[in-house]
Amino acid sequence: MKSGRIERSRDDREVLIIIDVQNDFCPGGALAVADGDAIVPAVNRLAAVFAHVVLTQDWHPPGHASFASAHAGRQPFETIEAPYGPQTLWPDHCVQGTRGADFHPALMVPHAELLLRKGFRPRIDSYSAFRENDRRTPTGLTSYLRERGFEHLTLCGLATDYCVLFSALDAREAGFTVDLAVDACRGIDLDGSLARAMHAMAEAGVTIRG
Ligand code: VGL
Ligand code: ZN
């Protein structure tokens, strides 16, 4: 039987997906998640026991449609109606090639096998590592993981209630089993979004592990 803790994951069907551990999501960054940098040691420890690791990187062009600055009269954290549905507006963050878009300097995952960039289309945001916010445009990750023979995913990173949440739900929908390493995640928590995210993931059959 599996224990509640993640301890042995050197299985070729298992992969760790580290979501957006980037400077802009850490204290001092443009879209800082409270305590975002505090997860880095836990992420590194987790990565050390996985034979297979994927990193994702939020990677927006300047003037991206998810930036409040791209919409006259709008402020960060407001929600607008995008052509594909509601979209929260953010401060400019993770702009391609900037220091804010770099991985946190203490993130130590030299054996990561894939670095997946997302959010690069100027007019569509992409929270999920699998599908952009129009819920139709694929990133290619589902096919990659299937072709590699992975069946079980462990997710960690930033932010629990946005990119981690959307990735976990899409992974479940694609038929993967999913663990959330909750101690290696932190949330933004806009108007109760963190509690809603935890509930939605549990409902979708994501296993929450310490
Ligand atoms: C994220 C908001 C905007 C995330 C990315 O990584 O959770 N959140 N872009
Ligand atoms: Zn973003």
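The largest pocket holds about 260 Å³ of space (a pocket being, on a 1 Å grid over the protein atoms alone, an open set of points with protein on both sides within 12 Å along at least five of seven lines; lining residues have an atom within 4 Å of a point). Select Asp-161, Tyr-162, Leu-190, Ser-193 and Arg-196: of the 13 lining residues, these are the closest to the pocket's centre. Now colour helix 3 (160–173) and helix 4 (193–203), the elements that each give two or more residues to the lining; helices here are DSSP runs of H or I, at least four residues long. Helix 3 has the largest share, with five residues.

A note before moving on: this is a predicted model, where local features need pLDDT of at least 70, side-chain atom pairs count only at pLDDT 80 or more, and totals for chains, interfaces and linings use all residues. Residues are numbered from 1 along each chain as written, chains are lettered from A and ligands numbered from 1 in written order, and side-chain values use heavy atoms, without hydrogens or water.

**Stop two: ligand 1**

Jump to ligand 1, whose space is the largest cavity (grid points where a 1.4 Å probe fits but cannot get out). Show its neighbours, with a heavy atom within 4 Å; among them are Phe-25, Trp-90, His-93 and Tyr-162. Next, pick out Asp-20, with a polar side-chain atom 2.7 Å from a ligand oxygen.

How values were computed: Polar contact = N/O pair within 3.5 Å; in protein donor to acceptor, adjacent residues only side chain to side chain. Sits in = over half its atoms within 2 Å of the grid points. Points joined across faces, edges and corners; volume = space filled by probe spheres on them.
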